[in-house]
Structures are given as C-alpha cells and as structure tokens.
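Subject: Structure for your review

Dear colleague,

Please find below the sequence and structure that I am handing over to you. A summary of the findings follows.

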Amino acid sequence: MALAVFFCEFAYYVLKVGLCNWAALPAGSGGGAPSPLRLLLVSDVHVLGARRRLWVERAWVDWQLRKSFALLSWLTRPHAVLVLGDMLDEGGGFTGDALWHAYRERYGAVAGSGAVAGSGARGAGAPPHLHVVGNHDTGWAGRLSPWLIQRFERSFGAANAAFAMRADGTIAAAAEFELAQRASPAQRQALEGVFAAAATDGFVLVRTNSMALDGGAPAAVRQQTMRFLRAVGEARGGAQQHRPAGGQPPLVLLTHMPLFRSDDRDCGAARAAEVGHVTYTAPGEPLGEDVVTKADTQWLLRTLRPSLVLSGHTHTACFYVHESEAAPASAPVQELWRRRWRDSGEWAGGGAGADVPEDVPELTASTLSWGMRPDPAFAVLSMARGTAARGPTSVAARICSLPDERVIFGVYALVAASVVAGALARCFRSRRADPPAGAKQH
Ligand SMILES: [Zn+2]
C-alpha cells in the first residue's frame, strides 16, 4: 500500500516531469547563442468552481495541480513561466467578486505564484509568471464586459501588455495597457522603451486579450485591444527604423485563443492520433469560434509580425504554421522547417527585421489539469536570439505529458482489490480452521 502511494503521489510525477528535457535548438541557426531563453508553457489550469464541480473533485484536482506546478518549477528550472489563459474555470460574470477572489487565491496557492503579481515580478530567484487572460477568467464575446476585465487586471495585470525579456528571464521593461487607463503618450513611450530594452539581446513578449477581438465583444473593449496592438506594431516599426541592420528583437505573441486554423489536421503526428474528448475536438472537427477569425488573424500577423505565437484554449497541443502571404523566396527550405515544426517542434526562421513576412510558427499548449482531461501536458520551449552573425532566431519546443489519471486510478483500484481479496481470504481461512460452535457441543 505504502509503495502504491509513493508511486502515485511522487515517483510517477518525478518520472514524467524528470524525463522531459529541454529540446535542443536546431543546429546552424541562432542555436549558437551562449544561453537560450527557457520558457515553461502551461495553459488551461481551470481551478475548478463550486457551481459545476463537487468539493471532492476540486480537492483532487487542486492536489494534482499543486504537485504539477511544484515539480515543474523544481525539475525543469525555467527562466520564466507563461500561463496561457483560463487560470480559473468559473471566472466569468456568473461568479460574484468574493467568490472570484477566493478562486484566484486558490490558483495562486496551487501555482505557487502567491499574490499573482501583474508584471510577473516575484520573490528573489523565482521565475516570473506571466498570465494571459482567458475566456473562463472573464467572459467571451457579448459576456466580456469592462468590469470583468478590470477585475481580472487588478489581480493578474493588464490583459494587453508588452514585456522586454532578457535571455535569463528577467523583465527589463514593461508596457501595460489597462482597460481603466486612457490612451496617453506615456503608454507609447513605455512601448518604445520595451523595444529599446530588448534591442540588443532580448525578446519582446506581447500578451493580448484575444476574446476582445470577437465581433460580439463590447465596442470599447475591442477598440482598446486594437489600439494596443496597433501601438505595438507602430513601436516595432519605429524600432526597426532606428536599428535597420538586424537589431529587431523577436516578438512572441501570447494569446489564449489560437490564431485561425480551420481544424487540427495540420498540427503534427501526435495530435493527428487523438480522437475527440469531452473538452477537446477530434483533429478533423472544425474549430469554429475556438480560434481567432481569419480576417483578425491576418491583421494581427501583418500588424505585429511575430516570430512565434503561443496559445491555449483547445485543451490539446498543436504545432501549426501560418504560412507567409508573400511567395516564399526559398520554398524547399521553408517546407522543411514547416515539417520539422509539426513533427518535432523545431523551428529556425523569423528573425531580424525581415521585410517579407515569413512563415509564423504557433504552438498551442494542452491543458495542465485532470479536471479537463485525464492525460494533461505542458511544454518546454527554448529560444535563442538571432543576429546577423548567428543567423535567424531559433526555437525548439517539446510537449511533455504529466501523470495519467487513469493509471493512478488503476493502481489504487488494484491495491484496493488486493486488500479486499486478502481480507476475504484470511476470513475464509480462519472460518475453516475453527469448527462451528454447534459441532463442539456434540
Ligand atoms: Zn479557453
């Protein structure tokens, strides 16, 4: 029994997480950089709520999440943790403020991110956690009201924000566009400061409220997000004018809703092997409203020109490539990288200030929670800055699985069955050894 508990509650986790090594960067690219940025990607934590789940489910899933976060930090040692939305399960308008804050505190406890600071600043030595807003944290389309976003932003920081991150994960500068703030020159200056701080050896991480892009979202919310994204695009263009010789930092877009793809048939071999589940679709099913529209996706890619997109929401992992609108100059090379990204999560491309928009790789992270699927996962991603000397920016990612809940149940069921069988056998043996009381009297 003790052995089963040790295996299920500790050894199985250590084995799963410990076997997940950081993927090696592709050779002959920015992989020659001295130390790549190591990002741990988790998504759809969905700390369960009282309206839809029993207390026993909430306690069981909290326990799994708490252990997963602790072991992920301990064993993978990331420079930064990116949480790609839906930290809460019942964080929408149906949940009152007091209960919402109780859920947020529970999230902070399981994620080990304490008070969940907005810009990701935490205790000395601990990696920053950057949180992306998800539809379960606020609402979606017509249910996405300004007060729900402001409630989120008071705890997790601005839904629309840009950060300059160095290769060791430190945040050198931040520009946060909170909904409650009015547009101001100071916001634009802060954005320019982000690009300047990342110019020589950093990365620009842009997180956005992708639910606000939906046509059904309140106009003020959508406009504020579009204004932020336009300002990022302009700051990026301005930075390129000042540093035309390849000094443009790679831009990583963080969004809860994936950018447009019609379905998941082009997401790589691992995804293609999946079938549908209660919280995710089969690869061939249309994604419909679960992705940003095609028009908004094209606008986003043109405006921001990201080197990489990281997303969540669909509860299943996907390596996808948004192909360049322009005719690719070196089609065979691009095709090779597309295939590598889909099959093994390796990418070398994007990079310093290309005039022609290139292919943009996207990684959609799976859910981290047993509350959403029995076989959750996380991803580790290494990224090395491209320079004129080292070639393009390179990225290598790996999807790693967490313990399978069905295995844990199976082991405990086996132990319980053997304990019951042992007790019955003992009982049967003792009855056979003792003759019936009546027999003694005669
Ligand atoms: Zn979602």
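The protein has 11 helices and 13 strands; helices (H or I, at least four residues) and strands (E, at least two) are DSSP runs, numbered from the N terminus. The model is a predicted one, in which local features need pLDDT of at least 70 and side-chain atom pairs count only at pLDDT 80 or more, whereas totals for chains, interfaces and linings use all residues. Residue numbers start from 1 along each chain as its sequence is written.

Burial and core

Of the 442 residues, 46% count as buried. A residue is buried if 20 or more other C-beta atoms lie within 10 Å of its own, exposed if 12 or fewer, and partly exposed in between, with C-beta atoms placed from the backbone. The largest nonpolar core has 110 residues, and Leu41, Val194, Phe378 and Ala379 have the most contacts inside it. Such a core is a set of buried Ala, Val, Leu, Ile, Met, Phe, Trp, Tyr and Cys residues joined through C-beta atoms within 7 Å. Beyond its neighbours within four places in sequence, Phe378 is in contact (C-beta atoms, placed from the backbone, within 7 Å) with residues including Leu41, Leu72 and Cys400.

Seven strands form an open sheet of mixed pairing, in the order 5-4-6-7-8-11-9; two strands pair if DSSP finds at least two bridges between them. At its edges are strand 5 (171–177) and strand 9 (318–322), each pairing on one side only. Strand 4 (residues 160–165) and strand 6 (residues 203–208) run antiparallel and are joined by five bridges, and Met165 has Phe203 of strand 6 as its bridge partner.

Asp137

Asp137 is placed in the loop between strand 3 (129–131) and helix 4 (146–156). Asp137 counts as buried because it has 30 C-beta neighbours inside 10 Å. Although Leu88 is 49 residues away from Asp137 in sequence, their C-alpha atoms are 5.5 Å apart.

Helix 9

In helix 9, Trp337, Trp341 and Arg342 are buried. Seen down the helix axis, the buried residues of helix 9 fall within an arc of 130°, so they line one face; the arc is that of the directions from the helix axis to the C-beta atoms. These buried residues pack against strand 9, strand 10 (346–348) and strand 11 (360–364). On the other side of helix 9, Pro332, Leu336 and Asp343 are exposed. Gly345, which follows helix 9, has a positive phi, near 70°.

Methods:
Two residues are in contact if their C-beta atoms, placed from the backbone, lie within 7 Å.
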